Amino acid sequence: MSQTMQGKTVLVTGATNGIGFYAARELARMGAQTIIVSRSSEKCAASVAQIMKETGNQQVEYIAADLSNKAGVKSAVDAFKKNHSRLDVLLNNAGAMFMSRQESADGIEMTMALNHLNYFYTTYLLLDMLKANEKARVVNVSSGAHVGAKINFDDIQYKKGYSGFGVYGQSKLMNLLFTYELARKLGGTPVTSNALHPGFVNTGFAKNNGGFIKFAMGLLSPMQRKVSDGAATSIFLASSPEIDTVSGKYYVDCKAVESDPASYDKAAAARLWQLSLDLLGL
Ligand SMILES: NC(=O)c1ccc[n+]([C@@H]2O[C@H](COP(=O)([O-])OP(=O)(O)OC[C@H]3O[C@@H](n4cnc5c(N)ncnc54)[C@H](OP(=O)(O)O)[C@@H]3O)[C@@H](O)[C@H]2O)c1
């Protein structure tokens, strides 16, 4: 086992399947103490057992929590802080697309709740631990689906005119606005903030919707990347010494690229930041 992450602690959300599972396993293989978070205790326990078996790393744990609501995120972070005194890498990965409008336990539109407020609040609660290190990283899994999206500030939770694809694109644009605003706020601290697009990857993504979408994703699977390729940029941003001090960037295939112009709108980023604080009652 390569030991380049020896002595580091990483927290990976949404890591019982797909990109998150693969990234967590490879970071564990590099020697990181690896904590995964997903909703199902059973799936978490099975994932931890598989990671331990395949990597030989016994420092792998799980926290079961629903990250689509405030109490779930808080319980996950509290559980993490209870057992750990350091965090080197926070990999915000848990996300999904919802073809019909749903609301979280907090009454917030589900895509925004899971894909954006989860990243925002998890990071918010862990920043003190991250800042306590000599170096630390926040890595946010966004998507190329942010291109052409807009933040619908007049109806941010899409009470009218809901479209699963449109709202998903908005949430992934939020990931970038958040990543860049966080990088600006963290200037002068040891913590970096970067985002990525994993590509179109053969995972469980969108299959939560069942019916036609699940069928369509099956048909599209030959066009999708392998999970190993999809997870490569997450692993790179979490572990590569090359980008130790790089912050506020968007990566595709382990290379920094420009994101959509809308993602660089500082006024929108500041407005989204405040709105997120308000929605979370912070
Ligand atoms: N696949 C793609 O083509 C693609 C493209 C661009 C971006 N992405 C992004 O990549 C990230 C990972 O997606 P994936 O493709 O790997 O999807 P996936 O295979 O469906 O995995 C999603 C993971 O998130 C967890 N999760 C879902 N809802 C959760 C909740 N409420 N609380 C806690 N954990 C939750 C799931 O575990 P449980 O069900 O056990 O909770 C699972 O481990 C997402 O942010 C997605 O937007 C994916």
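This is a predicted model: local features need pLDDT of at least 70, side-chain atom pairs count only at pLDDT 80 or more; totals for chains, interfaces and linings use all residues.
Residues are numbered from 1 along each chain as its sequence is written. Local features need pLDDT of at least 70 and side-chain atom pairs count only at pLDDT 80 or more, while totals for chains, interfaces and linings use all residues.

Strand β7 covers residues 250-252, and its pairing with β6 is parallel, over 3 bridges; two strands are said to pair if DSSP finds at least two bridges between them. Strand β5 (residues 136-141) also pairs with β6 in the parallel sense, over 6 bridges. Along this pairing Arg-137 stands opposite Thr-192, and Val-141 stands opposite Leu-196.

How enclosed is β6? Strand β6 (residues 191-197) is largely enclosed by the rest of the structure, because 7 of its 7 residues are buried, a residue being buried if 20 or more other C-beta atoms, placed from the backbone, lie within 10 Å of its own, exposed if 12 or fewer, and partly exposed in between. In a regular strand the side chains alternate between the two faces of the sheet. Both faces of β6 are covered, with Val-191, Ser-193, Ala-195 and His-197 buried on one side and Thr-192, Asn-194 and Leu-196 buried on the other.

Helix α5 lies across β5, β6 and β7 and runs at about 160° to β6, the angle being taken from 0 to 180 degrees between N-to-C directions of axes fitted to C-alpha atoms, for helices over the stretch in contact.

Seen as a whole, the sheet is open and has 8 strands in the order β3-β2-β1-β4-β5-β6-β7-β8, with mixed pairing. Its edge strands, β3 (60-64) and β8 (255-257), each pair on one side only. Helix α4 (residues 110-131) packs on this sheet, touching β1 (9-13), β4 (89-92), β5 and β6, and its direction makes about 175° with that of β4; contact requires C-beta atoms, placed from the backbone, to lie within 7 Å.

The protein chain as a whole has 8 helices and 8 strands, and buried residues make up 49% of its 282 residues.

Definitions and conventions:
Helices (H or I, at least four residues) and strands (E, at least two) are DSSP runs, numbered from the N terminus. Two residues are in contact if their C-beta atoms, placed from the backbone, lie within 7 Å.
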